[in-house]
Amino acid sequence: MDIITPPMIVMENKGSAMDEVLKGTFLLPAPGSLVEGTVIAKDKMALYIDVPPFGTGLIFGREYLNARELIKEINPGDLVTAKVIESEGENGYIELSLKEAKQAMVWSEAKRAAESHELFDLVVKSANKGGLIVSWQNLDGFIPTSQLKPEHYPKVTDGNKDKIGEELKKLVGEKLQAFVIGADPKEGKLIFSEKVLGNKSRKEIVAKYNIGDVVEGEISGAVDFGVFVKLEEGFEGLVHISEIAWSLVENPRDHFKIGDKIRAKVIEIKDDKVSLSIKALKPNPWEEASTKYKKSDRVKGIIIKYNKYGALASIEEGVAGLVHISEFGGNEETLKKALELGKGYLFTITVFDPKSQKLILAFHEKKAPAEVKPEAAPASDGTAAT
């Protein structure tokens, strides 16, 4: 195939009066937007696209390499959609990405599929303890264990995670029918469900619920990011890990087992999904703490967790503060040696904002126990300060 020399009108008129008129007439496409145009030239490492009314677009360099498999199937005269990387790139061309445009279109299709609840035939690529990884439109999707049909749900009586993983691996290579229940391109999360809703549409079911409703349900699944609650046949709500308890929850599976009956509050209804909160039905410990503590108070706290910022100390159930690692010269080992997990120490409150649930503590190596404020026994977990 002969290589077509791309038109150089933009180059020749760059800086001319006509160029200024054109710029004033047409706004350049914003970076991140999708544009459509006709391929006018295909070079060894460049693809030129006429993008009216903006000018000539160019896919080259890394973007060309990233999309080389797609470009192999493209010829001059083909209509393509691309994503704008730079509005005014090298030599006046609009720099484009074909691969990013393809991904953006796929994610847009995924969102539409979540609304329509269209069923797809999906092949199971792999499995882990939490569910199945499936392939859809060259994207990896996830079917949580709780979203599997009864015949595919791992029959493990003792809840052993390794055994669950082994059972799920038996489904690798199988073809399942599922629909999209969540699509988040920013997080790269595409969630599917095998469970059908019967004769009622998801929209009809969701319409029955309102923010603020208190509902009763049954724990139908637990994953790293929360627990699923069966509200009615074929329909579940999600309690995110941050909404399980006022205290710190590291593993939802430690708090619930399948079949547990719970009450929860509806806190969000979005994209035909219902988000729930269990802790919203319990007293907020930070409200009571606001009447008991203030900046400069000396309190006793129990170390419940380490993170990259330091150590978390619980001063009472559901109220925990951060002891910053900077107090220990930024050395993690020094901090862990001074503040051991499960042990109590004396601290001074340096920042206390109960509305935002923020508590910062300063460590005192030796202070008399008599100086400690009266307290409720700290829990073995607590809410992290931010």
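Predicted model: local features only at pLDDT ≥ 70, side-chain atom pairs only at ≥ 80, totals over all residues.
The largest pocket has a volume of about 1100 Å³. Its lining is made up of 39 residues, and those that lie nearest the centre of the pocket are I181, G182, I191, L238 and K273. By residue class, the lining of the largest pocket divides into 17 nonpolar, 9 polar and 13 charged residues.

When residues up to four places away in sequence are not counted, A110 touches W136, V180, A183 and L190. The C-alpha atoms of A110 and D184 are 9.0 Å apart in space, although 74 residues separate the two in sequence.

Strand β5 (residues 94–97) is covered on both faces, with I94 and L96 buried on one side and E95 and S97 buried on the other. With strand β3 (residues 55–60), β5 pairs in the parallel sense over 2 bridges, and here G57 has I94 as its bridge partner. With strand β4 (residues 79–86), by contrast, β5 pairs in the antiparallel sense over 3 bridges, and in β5 the residue that stands opposite E86 is E95.

A further set of pairings is built around strand β11 (residues 214–223). This strand runs antiparallel to β14, to which 5 bridges join it, and the bridge partner of E218 in β14 is K261. Strand β12 (residues 226–232) is likewise antiparallel to β11 and joined to it by 5 bridges; V223 stands opposite G226 of β12. The two strands β11 and β12 form a hairpin, with 2 residues between them.

Within β11 lies S220. Is this serine buried or exposed? Its relative accessible area is 12%, which is under 20%, so S220 is buried. The side chain of S220 makes a polar contact with the side chain of E236, at 2.4 Å. Leaving aside its neighbours within four places in sequence, S220 is in contact with S146, Y153, F228, V229, K230, E236 and I258.

The peptide bond from P52 to P53 is cis, with omega near 0°, and P53 is placed in the loop between β2 (46–51) and β3. Q137 is not a glycine, yet it has a positive phi of about 50°; this residue lies in the loop between β7 (131–136) and β8. With a relative accessible area of 38%, Q137 is partly exposed, because that value falls between the limits of 20% and 50%. S296, also a residue other than glycine, has a positive phi near 85°, and its place is in the loop between α8 (285–292) and β16 (298–307). The relative accessibility of S296 is 53%, and because this is over 50%, the residue counts as exposed.

Technical notes. Residues numbered from 1 in each chain as written. Heavy atoms only, no water. 1 Å grid on protein atoms, 1.4 Å probe; cavity = no way out; pocket = protein on both sides within 12 Å on 5 of 7 lines; lining within 4 Å. Points joined across faces, edges and corners; volume = space filled by probe spheres on them. Nonpolar A, V, L, I, M, F, W, Y, C, P; charged D, E, K, R; others polar. Buried < 20%, exposed > 50% of the residue type's maximum accessible area, 1.4 Å probe, protein only. Helix = DSSP H or I, 4+ residues; strand = E, 2+ residues; numbered from the N terminus. Pairing = 2+ DSSP bridges. Polar contact = N/O pair within 3.5 Å; in protein donor to acceptor, adjacent residues only side chain to side chain. Contact = heavy atoms within 4.5 Å.
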